[in-house]
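Please look over the sequence and the structure below before reading on. The report that follows moves from the strands to a helix, and then to a group of aromatic side chains.

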Amino acid sequence: MNESKKILISGASIAGRALAYWLNRYGDKVTVIERSKTFRTGGQNVDIEGPGQEVIRLMGLLRGFRRARSGR
């Protein structure tokens with residue numbers, strides 16, 4: 001079994017938070033830092049298909065993802 005690592009992620013964007021999720025899930029101690037005082041509440045529509053949907057399912061987010069989709 002691998003030894004747990006302490007990991008620092010700079011940037012709390014969707015990529016930083018997703019990486020933190022997976023590293024934490026596999027036993028690492030993760031700290032995320034962000035320069036902005038607040039999270040962004042908006043953004044662009046993103047098509048997530050194929051492997052992306054499988055990742056969302058594995059994270060337990062598929063139901064919320066489907067509820068929030070724009071329908072475009």
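Two strands are said to pair if DSSP finds at least two bridges between them. In this predicted model, strands S1 and S2 pair in the parallel sense over five bridges, and within this pairing Ile 7 stands opposite Val 30, a residue of S2. The chain crosses from S1 through helix H1 to S2, and this β-α-β crossover is right-handed.

How confident is the predictor in the protein? The average pLDDT of the protein is 86, and 92% of the residues score at least 70. Among the elements of the protein, S1 has the highest mean pLDDT, at 97, whereas helix H3, made of residues 62-68, has the lowest, at 85.

Which residues of H1 are buried? They are Gly 16, Ala 20 and Trp 22, and these buried residues pack against strand S1 (6-10), strand S2 (29-33) and helix H2 (51-58). Just after H1 the chain reaches Gly 27, which takes a positive phi of about 100 degrees.

Trp 22 also belongs to an aromatic cluster, which it forms with Tyr 21 and Tyr 26. A search of the whole structure finds two aromatic pairs, and they are set out in the table.

| Aromatic pair | Centre to centre | Angle between planes | Arrangement |
|---|---|---|---|
| Tyr 21 and Trp 22 | 5.0 Å | 85 degrees | edge-to-face |
| Trp 22 and Tyr 26 | 6.3 Å | 25 degrees | stacked |

The names in the last column follow from the angles, because planes under 30 degrees apart count as stacked and planes over 60 degrees apart count as edge-to-face.

Glu 3 has its place in the segment before S1, and at 69% relative accessibility Glu 3 counts as exposed. Although Glu 3 and Gly 27 are 24 residues apart along the chain, their C-alpha atoms are separated by 8.4 Å. Arg 35 is found in the loop between S2 and H2 and is likewise exposed, with a relative accessible area of 82%. Arg 35 and Trp 22 are 13 residues apart in sequence, and from C-alpha to C-alpha they are 22 Å apart in space.

Methods
Residues are numbered from 1 along each chain as its sequence is written. This is a predicted model: local features need pLDDT of at least 70, side-chain atom pairs count only at pLDDT 80 or more; totals for chains, interfaces and linings use all residues. Side-chain values use heavy atoms; hydrogens and water are left out. Buried means under 20% relative accessible area, exposed over 50%, partly exposed in between (1.4 Å probe, protein chains only). Helices (H or I, at least four residues) and strands (E, at least two) are DSSP runs, numbered from the N terminus. Contact means heavy atoms within 4.5 Å. pLDDT is the predictor's confidence in each residue, from 0 to 100. A crossover is right-handed if, with the strands pointing away from the viewer, the path from the first strand over the helix to the second runs clockwise. Rings of Phe, Tyr and Trp (its six-membered ring) pair if their centres lie within 6.5 Å; planes under 30 degrees apart count as stacked, over 60 as edge-to-face and the rest as tilted.
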